[in-house]
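Hi,

Here is the structure I promised to pass on.

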Amino acid sequence: MKDRFSEQEAVMPPAAQESPCTKVITVTSGKGGVGKTNVVANLGVGLARAGKRVLVLDADLGLGNIDVLLGLVPRYTLEHVLSGSHHLSDIIIEGPAGIHVLPAGSGLPRLTSLTDLQQLILQSELENVADRAEVLLIDTGAGVSPNVTYFASAAQEIIVIISPEPTSLTDAYALIKVLCRDHRERRFHVLVNMVKSQREATQTFRKLDVAAERFLNVSLEYLGFIPLDDYLPMAVVEQKAVTERFPCSPAARAFVQLAKTIAEWPEPQLPKSTVQFLWQQLIPMP
Ligand SMILES: Nc1ncnc2c1ncn2[C@@H]1O[C@H](COP(=O)(O)OP(=O)(O)O)[C@@H](O)[C@H]1O
Ligand SMILES: [Mg+2]
């Protein structure tokens, strides 16, 4: 095992004194393939360009692919950290616009539930690296597996991605229901992806919002939309973020706007050691 701050130490800048708290944002969805990883990658790039120090955690364990999406070739991944052979500081790699990425790896079967020991390893390891970032973006798998709810509960802000497909709405509703009922989450930002118009986005959002309001007594926050854009899959094929490869495309412009909105979210009102603090809140429900 390497020393905690050995060769990768130089990759991450030291924590800024003026911003001791890390904003933790988890991007999730009920259904797979709705655009989470692309949102995380492009939002990360947008926030970095807006001057934020961004760390991305690929928490789609066993099926992680943000490294592939960004054309990165990691030597070590979270699989090495969870097996205890490496530290998180060993696996950080630099991506576009200077974002830092903690890749998940995809060599193991999908890991839907971390053991207590793995949770402990991740908690203490994240504490060491995440406080150096202003924003920690977590990309999860889809659905209601323990890992998804774990990483959602660990965040200050949860962004649920939906698309106009009815199954994306029913699955998002199921996820929100579990997070409300079993994890006491009450605040959800909803981003509508792959829409043909603003009207389609607000109509899609309303369908989910009405159901959540009526049956869960929770009101959702509309975060905006990303248009269905042929340039996005073209950028994916080239293993680049669309904001980098096609900056004038409709999707790229929407991501830049989204990053501006999120960069203006209020600073977290938490003491230092934000990540540890958040994870300590994860008290199992009876
Ligand atoms: N706004 C969009 N316009 C066009 N295609 C999109 C858009 N967002 C996502 N896609 C397509 O959906 C695929 C899956 O996206 P991805 O971010 O990997 O989803 P997830 O992480 O939710 O599984 C992308 O490779 C791309 O082809
Ligand atoms: Mg993904």
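Below is what I found, starting with the overall fold and ending with the ligand.

Some housekeeping before that. Residues are numbered from 1 along each chain as its sequence is written, while chains are lettered from A and ligands numbered from 1 in the order in which they are written. Keep in mind that this is a predicted model, where local features need pLDDT of at least 70 and side-chain atom pairs count only at pLDDT 80 or more, though totals for chains, interfaces and linings use all residues.

**Overall**

The protein has twelve helices and eight strands (DSSP runs numbered from the N terminus, with at least four residues of H or I for a helix and at least two of E for a strand). Of its 286 residues, 46% are buried (20 or more other C-beta atoms within 10 Å of the residue's own; 12 or fewer is exposed, in between is partly exposed, and C-beta atoms are placed from the backbone). Among contacts with a separation of 6 or more, 79% are between residues 24 or more positions apart (a contact means C-beta atoms, placed from the backbone, within 7 Å).

**The sheet**

The eight strands form an open sheet with mixed pairing, in the order E3-E4-E2-E5-E1-E6-E7-E8 (two strands pair if DSSP finds at least two bridges between them). E3 (93–94) and E8 (221–227) are at the edges with a single partner strand each, so one side of each has no neighbour in the sheet.

E1 (residues 23–29) runs parallel to E5 and is joined to it by six bridges. Along that pairing, Ile25 has Leu137 as its bridge partner, and Thr26 sits opposite Ile138.

E2 also runs parallel to E5, with five bridges between the two. Here Leu55 is opposite Leu136 and Asp58 is opposite Asp139. E2 is parallel to E4 (residues 100–102) as well, through three bridges, and the partner of Leu55 in E4 is His100.

How enclosed is E2 (residues 54–58)? Five of its five residues are buried, so the rest of the structure largely encloses this strand. Val54, Val56 and Asp58 point one way and Leu55 and Leu57 the other, and all of them are buried.

Asp131 lies between helix H5 (116–130) and E5, and counts as buried because it has 22 C-beta neighbours inside 10 Å. The C-alpha atoms of Asp131 and Cys21 are 6.7 Å apart, although 110 residues separate the two along the chain.

**The helices**

H8 (residues 198–216) lies across E6, E7 and E8, at about 135 degrees to E7 (axes are lines fitted to C-alpha atoms, for helices over the stretch in contact, and angles run from 0 to 180 degrees between N-to-C directions). H7 (residues 166–183) packs with H8 at about 35 degrees, the axes being 10 Å apart. On the H7 side the contact includes Leu169, Ala172 and Tyr173, and on the H8 side Leu208, Ala211 and Ala212. By class, that contact has nine nonpolar, no polar and two charged residues (Ala, Val, Leu, Ile, Met, Phe, Trp, Tyr, Cys and Pro are nonpolar, Asp, Glu, Lys and Arg charged, and the others, Gly among them, polar).

H1 packs with H11 (residues 250–263) at about 65 degrees, with the axes 8 Å apart, and this crossing is right-handed. Asn42, Leu43, Gly46 and Leu47 of H1 make the contact with H11 residues including Phe255, Leu258 and Ile262. The contact comprises eight nonpolar, two polar and no charged residues.

**Ligand 1**

Which residues come nearest to ligand 1? Of the 17 around it, they are Gly35, Lys36, Thr37, Asn38 and Pro233 (near means a C-beta atom, placed from the backbone, within 6 Å). H1 (36–49), E7 (189–195) and H9 (231–237) are the elements giving two or more residues to this shell. By class, the shell has eight nonpolar, seven polar and two charged residues.

Cheers

How values were computed: Left-handed = near helix turned anticlockwise from the far one by under 90°. Contact = placed C-beta atoms within 7 Å.
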